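Subject: Structure handover

Hi,

Here is the structure I promised to pass on. Please open it alongside this note.

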Amino acid sequence: MYPEGISEEQQKYLKRIKSQKRFILVMRILLVISFFALWETATRLKWMDPFIFSSPVRMVSTIARLIEEGSIFLHIWTTLWETVVGFLLGTLIGILIAIVLWVSMTISKIIEPYLVVANALPKIALGPVFIVWLGAGPASIITVAVSISLIVTVLEVYTGFQEADPEKIRLVKSFGASNKQVLTKVILPSSFPVMMSALKVNVGLSWVGVIVGEFLVSKAGLGYLIVYGGQVFQLDLVMTSVLILSVLAALMYFGVQLLGKRIGKKY
Amino acid sequence: MIPAVKIEGISKCYHTPDGEICALKDISFEVRKGEFIGIVGPSGCGKSTLLSLIAGLLQPSEGKIFIFGEPLKGVNPKIGYMLQSDSLFEWRSIFRNTLLGLEIQNQLSSRNIQAVEQLLTKYGLSAFRDHRPSQLSGGMRQRVALIRTLAVNPDILLLDEAFSALDYQTRLAVNDDIYNIIKKEGKTAIMVTHDIAEAISMSERLYVISKRPGSIKLAMDIHFDIEQRTPLKSRETPGFQRYFNQVWKELDIHVS
């Protein structure tokens, strides 16, 4: 089982790590199963009212009904593309602004206090403004999503840029590097981990922005389903939408993580 | 013969809101082609400022610098700069690290790339060309850093405390290693260090700089009666201690 030359102690150690890993995985699965089982039992035994709390079985039948109707795909698709677009725009514009700030120390000093204020402001407050400006549609929803992730991205990425090793900057300058080369050869690659972590935070923030945007104004999407379900007291619909949402958010998070690892390897 | 580097009455002051700090005052000296020059001085005496000036990264407040007779304006491709840390880029392989300078200067011709490959082979690094910097020992990393500097084919090398990040044993070995490479490639070198022994063992001429504002306190030719001088061999000669004592006295260091 083990290659030659591995001592007994090392084998024991490897076995211990392996069994611990297995234990953690089993416990994780057990935790989610018992959560849903407890939920189901509690509603069956009328400890909780299934009309208000819904239940796993009712959620499954709701999903089946929605799939049959076909409308669920429209809602998922609407929320998904709004989130992806919001995420990409927030990240790209954020990184671009961070680059501008890095290029011009003067600009960065001038707008620093405003960035801090903008960061502290709950951007949701601007939701109604966006709706008036951009109309009751996806444009407003995406703008809400972008506004939530943008400032955080700018601050985080810009801080990452500033933490680049000054010795490395001196080195490329001693080779006669232009400002642009300092950026592409040192600043951007060395800030890659910071940008990755900003991306991961942005995934979550974009979901928040899109769902809140859909709460405020929408004709379709998971946020719309949740608000609608709440208004007509269909808690099955609300819970099901939240469940789908959490699965989608997790998938997107892992997607970004995987992408980061891929690109990270190339560097 | 035109000197490789000629420094004429250089002064350098830094400006801060709290006032003016003068790091160097009226420094002049010449370096002939192929020479190995050492510069020692107490910490904060402006040694590194002097190298930054020669590298063209800073402008002097007063005075002029000539490189092979030409007045220095900004960064000059004839000059290679080796910094305290090896500053290898972890996101690049060893090979791509050594190409950095050529890449920045748009000199990635197949002839130049081949020359770098030859340097890697010549100095025993070809087996590591696809490794990451973190997989190499401190001494090897320093050698990679030197090859990165040599890749752009400078005539003059500036070494700024280039060995101080290494532990003592490695440092002695790397001193020998780098010295031999520089001599073999026929380069002119100016080395700044706070380590008196290192400076004496490697240089042919030594300048002692005073406390801030730094000026030249002592210029001293160093000669050992040995064939095929190397830093390690120099350290073993009887004359070494005499030079050491002389520099030590000039530096006038007090612990207070």
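This is a predicted model: local features need pLDDT of at least 70, side-chain atom pairs count only at pLDDT 80 or more; totals for chains, interfaces and linings use all residues.

Chain B has an open sheet of 6 strands. The strand order is 6-7-8-3-9-10, and the pairing is mixed. Strand 6 (79–82) and strand 10 (216–221) of chain B are the edge strands. Each has a single partner strand, so one side of each has no neighbour in the sheet. From one strand to the next, the twist averages 15°.

Strand 3 (residues 36–40) and strand 8 (residues 188–193) of chain B run parallel and are joined by 5 bridges.

Two helices of chain B come next. Helix 1 (residues 47–54) of chain B lies across strand 3, strand 6, strand 7 (156–160), strand 8 and strand 9 (205–209) of chain B. Helix 1 runs at about 150° to strand 8 of chain B. Helix 5 (residues 138–151) of chain B also packs on the sheet. Helix 5 touches strand 6 and strand 7 of chain B. Its direction makes about 165° with that of strand 6 of chain B.

Strands 1, 4 and 5

Now to another set of strands in chain B. Strand 1 (residues 5–16) and strand 4 (residues 62–67) of chain B run antiparallel, with 5 bridges between them. Here Ile7(B) has Ile65(B) of strand 4 as its bridge partner. Strand 4 of chain B also pairs with strand 5 (residues 70–71) of chain B, again antiparallel, over 2 bridges. Strands 4 and 5 of chain B form a hairpin, with 2 residues between them. Check Phe68(B) in the turn: its phi is positive, about 50°.

Where the chains meet

Last, the contact between the chains. On chain A, 15 residues are in contact with 15 residues of chain B. Helix 8 (166–174) and helix 9 (179–190) of chain A each supply at least two residues to the chain A side. Which helix gives the most to that side? Helix 8 of chain A does, with 7 residues. By class, the side of chain A that touches chain B has 6 nonpolar, 3 polar and 6 charged residues.

Best wishes

Key. Residues are numbered from 1 along each chain as its sequence is written. Chains are lettered from A and ligands numbered from 1 in the order in which they are written. Two strands pair if DSSP finds at least two bridges between them. Helices (H or I, at least four residues) and strands (E, at least two) are DSSP runs, numbered from the N terminus. Two residues are in contact if their C-beta atoms, placed from the backbone, lie within 7 Å. Ala, Val, Leu, Ile, Met, Phe, Trp, Tyr, Cys and Pro count as nonpolar, Asp, Glu, Lys and Arg as charged, and the others, Gly among them, as polar. Axes are lines fitted to C-alpha atoms, for helices over the stretch in contact, and angles run from 0 to 180 degrees between N-to-C directions.
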